[in-house]
Amino acid sequence: TSESENVEIEITDVTGRVLFSNKQLVIKNQSNSGTSINISNFADGTYYIMIRDINGKQISQKRFTKIK
C-alpha cells in the first residue's frame, strides 16, 4: 500500500539563502512516483535540498550541483 505524508521541501544556496520552499507537497511512500522542481532559473553552483516533516523534523538533506 502507499501512504502519503505532508512535508516541507526547501532548497538553499551555499550561503543559506532559501531559493525554493513548499510546505504542501505530498510524498507517497513505497512508490516510484516523485516530485519535480524546476531549477532552470538557478545559477550554476552547489545547492542543498532539505526535506522536513510537518513538525519540522529533518527527514533528509542532500547536496547537489547544477551545471549547464
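This is a predicted model: local features need pLDDT of at least 70, side-chain atom pairs count only at pLDDT 80 or more; totals for chains, interfaces and linings use all residues.

I take helices (H or I, at least four residues) and strands (E, at least two) as DSSP runs, numbered from the N terminus. Residues are numbered from 1 along each chain as its sequence is written, and side-chain values use heavy atoms, with hydrogens and water left out.

**Entry on G45**

I looked up G45 and found it in strand β3. With a relative accessible area of 22%, G45 is partly exposed. I count a contact when heavy atoms lie within 4.5 Å; leaving aside neighbours within four places in sequence, G45 is in contact with F64, T65 and K66. I also noted K68, which is 23 residues from G45 along the chain, with the two C-alpha atoms separated by 9.7 Å.

**Entry on salt bridges**

Side chains of opposite charge can pair when their charged atoms come close. My criterion for a salt bridge is a side-chain nitrogen of Lys or Arg within 4 Å of a carboxyl oxygen of Asp or Glu. How many salt bridges does a search of the whole structure find? It finds three.

I recorded the salt bridge between the side chains of E8 and R52, at 3.6 Å from N to O. E8 belongs to strand β1 (residues 4-13) and R52 to strand β3 (residues 45-53), so this pair ties together parts that are 44 residues apart in sequence. E8 and R52 are both buried.

I then turned to E10, which forms a salt bridge with R52, the closest N and O atoms lying 3.5 Å apart. This pair likewise links distant parts of the chain, with E10 in strand β1 and R52 in strand β3, 42 residues apart. E10 is buried, as is R52. Taken together, E8, E10 and R52 are linked in a network of salt bridges.

I also found D13 and R17 joined by a salt bridge between their side chains, at 3.2 Å from N to O. Here I noted that D13 counts as buried at 11% relative accessibility, whereas R17 counts as exposed at 52%.

**Entry on T12**

I located T12 in strand β1, where it counts as buried at 13% relative accessibility. Apart from neighbours within four places in sequence, T12 is in contact with R17, V18, L19, Y47 and Y48.

**Entry on aromatic rings**

I pair rings of Phe, Tyr and Trp (its six-membered ring) if their centres lie within 6.5 Å, and I call planes under 30 degrees apart stacked, over 60 edge-to-face and the rest tilted. By this rule I count two aromatic pairs. F42 and Y47 form a tilted pair, with 5.1 Å from centre to centre and 40° between the planes. F42 is buried, with a relative accessible area of 10%, and Y47 counts as buried at 6%.

Which class did I assign to the pair of Y47 and F64? Their ring centres are 5.6 Å apart and their planes are at 25°, so the pair is stacked. The pair links distant parts of the chain, Y47 being in strand β3 and F64 in strand β4 (residues 58-66), 17 residues apart.

Technical notes:
Buried means under 20% relative accessible area, exposed over 50%, partly exposed in between (1.4 Å probe, protein chains only).
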